[in-house]
Amino acid sequence: MPDDLKPNDHRDNRDERTVGESFADPNAQDDIRLGKSFEATNASRKPKHAREEHPQEPGSRRILWIGIAVAVVIFIGALLLGGLPRLARDRELQKDASAEKHDKPVVVAERVDAARTGAALVLPGTTIPLTEAYVYARSNGYLKTRYVDIGDHVKKGQLLAVIEAPDLDAQVDQARQQLRQAEQQLDNQKSQLDLQKVTLDRYRVLVTKGVFSRQVGDQQETNYATQVANVAAAQRNVQAFKANLDRNISLQAYEQVRAPFTGIITQRNVDVGALISASGGSSGAASGPAPTGQFSTTGGSEQAGQSNNSGASGSIGTAATPAQSPGQGGPLFGMADQSRLRILISVPEGYATAIHPGAVGKLAVQEYPNASFTGVITRTSNSIDPNTRTLLTEVQVDNKDGKLLPGMYSTVTFPPTAGVQGPLTILGDAIIVRQNTTTVAKIVNGRVHFTPVTLGRDFGDVVEIVSGLQQGDIIVISVTDDVTEGREVEARIQSATNQSEGGNNSTSPKASNAPKAQSNGSGEKQSGGQR
């Protein structure tokens, strides 16, 4: 075929295909044209540099992956640099905690021992008169005359005051008249008895001669016996009225108030004109205070011994009030014999065997710092008080010169006694108060056990142990949070410091009874000494 005819042949073939496709799908030609138009439009809108990136795509991806790898390496390095030291520290702390848990804490301990017996025994007490009394009235009336006042020296039987009692005087006069009346009745009965005797003698003669029957004679015998009984009754009436008169006269004698013994007037609770009752009170006077050095008007050695713990300042709960106030009863006078004083002291149980009547002690009072007085043990109670574990002992001292006054706070010093074991004492810091129980941390077989104890006297730095510990026991001095029940510890025993109680050469308890509590670091209170 010639060349000039070939293009036409191709054109004819395309036209034939086009015509054939158009008959196969009438919309195919339109879809093709629309697709080509869309591609041409999008290709014209793309920026120039976007069309130029296509050749550079493999290099950009490589840079991106390199950056990601570098970031991952940096993160892992930082994690390793920060986490490994911290992990090492945690392991070290855990190791130290485990070692501390299984290690034995070191505690300071001491061995319980008795106080040194070579120390003198010093005990407190209060001076009280050897004889002391309160004078009460035994008759009702008004105080007519008063002859003494406080501080006056009186002799036994000396008149102190006179009470005017008109009703008592009238009772005495009435008793006298009743006695006289009874005596007149006795005389009358005796006259009747004499007449009856004469009549009986006559009837006996007449009955013997047969003038009267025996019945009449027996009747006269009976009348005579009856009269004898009437005379005896009249005599008893006279004795009764005489006894009543004597009683009223004795009560009348109490209108004169006299001193029961030689001494000094220490109280005057009434004045002239006061209405006095038979019980000893007055309308213008109150009940007198307790005897000097005691707690009640009943006196007694037991109450006087209880004042040993009041200290040099006395009882802080007692205010200084007048001895009397209106409307209350009490004694008229108080008096005491101060020529000899006595001191009631409480000797600890550990020294009780060394106290005997006749032993000598030195008495000291703060009013005379440079003077000492000699006292002698006169008696003891011969029994231990189960509440205080002490022996009540009486010491008497001569006071004829009057230098000492009743009620003075004093201390009695007894010399050391060989062979007497002193009380067990421990440092006050070792005492712990837990749940209202006084305990100490005792070490038994290397382990801690909290043991309840009973405290005695407080000597300042050391405290007496009455029960709960034995001599030779090892206790922890300073209890910390590491010291718990059953914990195994290592004890470092320090030298004993309580051989001379309180670090002094004498055994002298403080007057204060209440210990001061300190914290032991675990929310509990640790006592530095307690009664």
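## Confidence

The mean pLDDT (the predictor's confidence in each residue, from 0 to 100) of the protein chain is 75, with 69% of its residues at 70 or more.

Among the elements of the protein chain, the lowest mean pLDDT, 37, belongs to strand E24 (residues 517-519), and the highest, 94, to strand E5 (residues 153-154). Helices (H or I, at least four residues) and strands (E, at least two) are DSSP runs, numbered from the N terminus.

## Ground rules

This is a predicted model, where local features need pLDDT of at least 70 and side-chain atom pairs count only at pLDDT 80 or more, while totals for chains, interfaces and linings use all residues. Residues are numbered from 1 along each chain as its sequence is written, and side-chain values use heavy atoms, with hydrogens and water left out.

## The E7-E6-E4-E9 sheet

Strands of a sheet pair through backbone hydrogen bonds, either parallel or antiparallel. Two strands count as paired here if DSSP finds at least two bridges between them. On that basis, four strands make an open sheet in the order E7-E6-E4-E9, with antiparallel pairing. The edges are strand E7 (256-258) and strand E9 (275-276), each of which pairs on one side only.

Let's zoom in on the E9 end. Strand E4 (residues 141-146) runs antiparallel to E9, and two bridges link them. Tyr-142 has Leu-275 in E9 as its bridge partner.

## Strands around E15 and E20

Now for another set of pairings. Strand E15 (residues 424-427) and strand E20 (residues 462-467) pair in the antiparallel sense over four bridges. Ile-426 is bridged to Val-463 in E20, and Thr-425 has Glu-464 in E20 as its bridge partner. Thr-425 in E15 also stands opposite Asp-113; the strands E2 (residues 113-114) and E15 are antiparallel and share two bridges.

E20 pairs with strand E19 (residues 454-458) too, antiparallel and over three bridges. Thr-454 finds its bridge partner in Ser-467 of E20. What does Gly-460 do in the hairpin of E19 and E20? With three residues between the strands, Gly-460 takes a positive phi near 100°.
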